[in-house]
Every structure is written in structure tokens, then in C-alpha cells.
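Have the chain open in your viewer and follow along, topic by topic.

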Amino acid sequence: LDSSLKLAPMPGAVASSNMVPTPQCHPAKPLSAGTHELRFELEGCNRRALLYVPPGYNPGTGVPLIVVPPAFGWTAEVNIQHINLLQYASKWNMVVAALDAPGRAINVAFDARANPFRQNDVAYTSKVLSEVDQIMCLDARRIFCAGFSRGARFCSRLASERSDIFAAVAAVSGLRFPRPNNATRPVPILAFHGTGDKVNPFEGGGPKYWMTSVPDAVSAWVNFNGCKEKSKQSVAPNQVMHVYSGCWEHAHVVLLEVQGGGHEWPDSSYKLSGYAPQAPKANELILQFFNAHSLPLSGAPAANSSSARSFSASDVPQPQAAEQTTGATQTATDAGSGLNMVIRQWEHHQWAPTLSPKTFNHASALAGAAVMFVVGAMVYKAWQRNQRTTSRATLLKHTEAEV
């Protein structure tokens, strides 16, 4: 971190990276450094994602992965270019999977819920992870989500619907508390938000998909994670860091409030809204936070983080690109049988939050086509009246539009 920026101690966790068993892959899964494109078919649609492999990737040792959903209107390429995360991923030796979406709109609506008439992007995310797991040696306990704007809201959704996979979430200009929250464990949350944000207002209101204030969303996560302690510190002339600790399973909640900051990813490659000059080093803080919060070991007792020490930026080792995390090792099977087993278990659940076009049997769908059309139209009209005051076209163009 910039030595001129004196940060409040960031929350640490017992399961920091130098204490986490690192899975080993036998046989190894070699993949060249650089950016690769993934393509596959899902539910009758052609989908894609970008995969960035850091120079220090060791094909025999599990590596952390960050999923990055896109902001509204952006491709995976534009999103990655804007947030300027890859150089930090190289430094910390983390893989990045940049998601893409039909219509350039990842599926997340009011209260971080799914729009049931759009594509199933939770299943898509799971499929991306499964594809990556086939070709790379991943650390299944260090899978994270970092997103900006609509991408941040989708990370909030994944924290609810895939808490079995995602160890922690970083939300920039878009933290939400899902209602209902389906997470089966406390989820560590790091949020950045400017008080001058005109798209997703800090104090709430704004578009129909937003409404709830950022402090309310943070408070809901604090309660959900069982955090008992709070500290607040001014870390720069226009930056206040709120740290909530004493949480179950060390699931800290941190908000970096940027006074006067706009709708922007701090220290991005270019600016959209004139972000405050003393922008926080978002990417470094995000990687630091992820490095300290791994998925709890299966069967490990829930713990209160009061016994866990805090650490400052200077306490965190800055790994070189060629280095992997060292320490205790275990096979990928021992580490939880990897990602695919967890993904397959979830895919067999019947409570999937979005409606797949292949959910219905083709024969019965044909026989009841007329009934389904009428019922579907009625449900859609009711949903539209309750959650939107504009037409579907306006919904996609305006009420869910984020820069």
C-alpha cells in the first residue's frame, strides 16, 4: 500500500493464507500465463468468460481465484480493463475469472434477487468455476468475488446463494444485503462507497433496484455475521474506514466510506465520475482482505474473532509474482474434493433461485403450453407492478442500468 496512506488495522482471521492448507494437484494442471477465453453452452445459450492466469501459477499447487462480474453495459474485457485488477492479481498470484452476460446485464434485481425472466447467472458462474477447475489447480477454500456497480450487487447475490463456494466478497459502489439471504454461513464483506454516488446513492433512494442505503446494507450484514465490535477511523482527509469485528467465523464486515466520492472503482485505469483525488487503494485492500479470509474448514467449530489478531497493511507479506503460498499442504481431494463436488451438489438442489428453460419436461410443456402462457403472463404482470413502475424495455435500459 501507499506508505503515505495510514490505514486503520484491517481485520485479520485465523485462516489467513499462510495458515491455510494448500491443496496439491496430482497430476498437475499446466496452463500458460496470460488471458484465455472460455466458451461453452449452458441452457441453450452460448456463454463465455475470460480467464487470467498469473505468471507465478504453479500447476501442481492450488491457486486462489477471483470472480469478477461485469458492470451494466460492459463486456468482460471492458470491465477488467476498467478496474485495473490484473496487475495486483499477478502480484498476489491469484487467478481472475471475468464474467460476461447476455445483453451486457448480469442477472441481479431488487434486494440482490434474481429476475426470474432472465438467464440463470448463478448456474453460469458455477459452470465457469467448473470449467476452470478442469484446467487449473485451484484452492477451493479461496474463491472470491469482486465487483463494481451491478457487478457488486451480483457479488452480494453470490454471497447469499453460493456461500458454500465464495469465501469473501468485495463490493465497490454496489453492496446489497440479499432478502432473503440464503447464505449458510457468515460471509466476510468488504465494501467501498462514495457519499457522492449519483447512481447508487449512499443514503438510499435512487433507482427502483436500489432504494436501501449503504449503511442499512452494512448493518444487515453485521447482524447476519454476528459482529459485536465496531471501530471507526479516518484514514485520509476524505476517507473513513468502519471495521466490524468479533464476528462468527471471523467474518468481518468493512466499509470504506469515501466522502464526496462518486460512482467509481477507486484507482481504476480511468475515471467516469470525477472520483475524489485521495482515492483509497481499492485493489490492494481487496487482495489483502481476500488473503486473510479463506472458507472455513469443513467441520471446524464456529469461532468469535475476538481472539484473532488484527493486522495493518505493513503486516501483510507482499508476495512476488513467482511465489505461491507456502505452508501445510494437502491433496485437492482432502481439501473438500475440490470445486466440482460442491458445484454438482448445488446443481441438484431443487430450490435454484432462477427459472431454467430446461426445468420443464418438454412433453408436459407442450401439452400445457396455453396454460403456462396465461399463468406466466399473470405472474410477470404482478412482478412488474410490484417491483417496477416502467415497462420491461425501460427496466433493462434505465432502472437496472449502471455505468
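Predicted model: local features only at pLDDT ≥ 70, side-chain atom pairs only at ≥ 80, totals over all residues.

Residues are numbered from 1 along each chain as its sequence is written, and side-chain values use heavy atoms, with hydrogens and water left out.

**Salt bridges**

- The count comes to 11 salt bridges, each being a side-chain nitrogen of Lys or Arg within 4 Å of a carboxyl oxygen of Asp or Glu.
- One of them joins Arg48 to Glu37, with the closest N and O atoms 2.7 Å apart. Arg48 lies in strand β3 (residues 45-53) and Glu37 in strand β2 (residues 34-42), so this pair ties together parts that are 11 residues apart in sequence. Helices (H or I, at least four residues) and strands (E, at least two) are DSSP runs, numbered from the N terminus.
- Arg48 counts as buried at 15% relative accessibility, whereas Glu37 is partly exposed at 40%. Here buried means under 20% relative accessible area, exposed over 50%, and partly exposed in between (1.4 Å probe, protein chains only).
- Glu37 and Arg48 also belong to a network of salt bridges that links them with Arg39, Glu77 and Asp100.
- Asp121 sits in helix α3 (residues 121-135) and Arg47 in β3, so the pair ties together parts 74 residues apart in sequence. Both Asp121 and Arg47 are buried.
- Lys91 and Glu284 meet through their side chains at 3.4 Å, N to O. This pair links distant parts of the chain, with Lys91 in helix α2 (residues 86-92) and Glu284 in helix α6 (residues 282-292), 193 residues apart. Lys91 is partly exposed at 29% relative accessible area, while Glu284 is buried at 4%.

**Nonpolar cores**

- The largest nonpolar core has 58 residues, and Leu65, Val128 and Met136 have the most contacts inside it. Such a core is a set of buried Ala, Val, Leu, Ile, Met, Phe, Trp, Tyr and Cys residues joined through side-chain atoms within 4.5 Å.
- Beyond its neighbours within four places in sequence, Met136 is in contact (heavy atoms within 4.5 Å) with Lys29, Leu31, Leu51, Val53, Tyr57, Val63 and Val95.
- Another core lies apart from the largest one and has 39 residues, including Leu50, Ile80, Ala170 and Phe289.

- Helix α6 is largely enclosed by the rest of the structure, because 11 of its 11 residues are buried. Among them are Asn283, Glu284, Gln288 and Asn291.
- Asn79 has its place in helix α1 (residues 76-83) and counts as buried at 1% relative accessibility. Not counting residues up to four places away in sequence, Asn79 touches Val68, Pro69, Pro70, Ala71 and Trp74.

**Cavity**

- How many cavities of 30 Å³ or more are there? The count comes to one, and the largest cavity has a volume of about 40 Å³.
- A cavity is a set of points on a 1 Å grid over the protein atoms alone where a 1.4 Å probe fits but cannot get out, and lining residues have an atom within 4 Å of a point. Grid points are joined across faces, edges and corners, and the volume is the space filled by probe spheres set on the points.
- The lining consists of Asp111, Arg176, Phe177, Arg179, Thr212 and Ala217.

Methods
1 Å grid on protein atoms, 1.4 Å probe; cavity = no way out; pocket = protein on both sides within 12 Å on 5 of 7 lines; lining within 4 Å.
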